[in-house]
Amino acid sequence: MPLLVVCGLPCSGRTTLARAVRDHLTAKQQQVVVHVVNEETLHIDMATGYASTEEEKLTRSLVKSEVERLILGSGGGVVVICDALCTYVKGFRYELSCAAKASGVTYCVALCDTPAEIARNRAAASDFARYGGAAAYDALARKAASPFEVPTERNRFDRPLIVAPGGAADPAALEAVHAALFLRQAPRPNLSTAASKAEETAVANQADRVTLDVIGEVLHAANSPTFTPGPVALCGNGTVVTVVLRRKVGMAELRRVRAQFMRMALPHLASVTNVRTAFADYLTATLL
């Protein structure tokens, strides 16, 4: 299951390129299933997810967790495309390349090389709706542009590198991505990138998805027009669990609680069912 990392500034064309790659790969590889990982697929609000250093760390953690879950837990014929904004961080791209190498899958980076002014004009065309206004977009763009270290072939974790000027999905760039992911041999894991046994277990791979599902159910219940404080039955995944919601909660708070839970409880959980039950109990105890 190859991994493609798409990076660039806000509104540089990352998602457009990711979708074009997805369509191109599914057309050429009939049996391929493509999973796209970004803020939208993970239900992360752009303004909230990058509002502070801590929030951005949580966003990167959530994105990385989903990418690792897919490349470790999926079978053959799966391609993962990560086009989240946080790929502008060089260290984060390094972490994703290590995850790919540890899993024995091919990996490449695509850069949407779009000037900042053009990217802002694209955002303005939609009244900055996704970012909560022009001021929010400008703050996010400055945050991304300031430390943004453009991928270069000099970095092993940025190779192979495909550059898409203006984020345009031209046929040459699409073919280059296909060749990088399917026509070369994956690097062999070494001691620095080999995954531990704990990371390879079914519990570790599925716990991320279980807790994300619970968060989604809690958000759906909290945002319901008929929401009233009290016990809420979560019926997803075939297992009914109850979370006591004393008030409405948002995604940012749920993500913080989830990160705390995963750090503390994951090594001691024996099954996916226990993960779901334990996380529901943890939410009840934490969301006061």
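## The central sheet

In this predicted model, five strands form an open, parallel sheet in the order 2-3-1-4-5. Strands are DSSP runs of E of at least two residues, helices are runs of H or I of at least four, and both are numbered from the N terminus; two strands pair if DSSP finds at least two bridges between them. The edges are strand 2 (33-37) and strand 5 (161-165), each of which pairs on one side only. On average, neighbouring strands of the sheet are turned by 20 degrees against each other, direction ignored.

Strand 1 (residues 3-7) runs parallel to strand 4 (residues 107-113) and is joined to it by five bridges. Within this pairing, leucine 3 has tyrosine 107 as its bridge partner in strand 4. Helix 4 (residues 90-103) packs on the sheet, touching strand 1, strand 3 (78-82) and strand 4, and its direction makes about 170 degrees with that of strand 1. Contact means heavy atoms within 4.5 Å; axes are lines fitted to C-alpha atoms, for helices over the stretch in contact, with angles from 0 to 180 degrees between N-to-C directions.

## Nonpolar cores

The largest nonpolar core has 40 residues, of which Leu3, Val63, Val67, Val80 and Leu96 touch the most other members. Such a core is a set of buried Ala, Val, Leu, Ile, Met, Phe, Trp, Tyr and Cys residues joined through side-chain atoms within 4.5 Å; buried means under 20% relative accessible area, exposed over 50%, and partly exposed in between, with a 1.4 Å probe and protein chains only. Helix 3 gives the largest share of this core, five residues. Valine 63 touches Val37, Leu42, Cys82, Ala84, Cys86 and Phe92, leaving aside residues up to four places away in sequence.

A second, separate core of 26 residues includes Ile215, Val218, Met251 and Phe279.

## Threonine 59

Threonine 59 lies in helix 3 (residues 53-73). This residue counts as buried because its relative accessibility is 0%. Its side chain makes a polar contact of 2.6 Å with that of arginine 255; the term denotes a pair of N or O atoms within 3.5 Å, where within protein one must be able to donate a hydrogen and the other to accept it, and residues adjacent in sequence count only if both atoms are side-chain atoms.

## Basis of the values

Residues are numbered from 1 along each chain as its sequence is written, and side-chain values use heavy atoms, without hydrogens and water. Local features need pLDDT of at least 70 and side-chain atom pairs count only at pLDDT 80 or more, whereas totals for chains, interfaces and linings use all residues.
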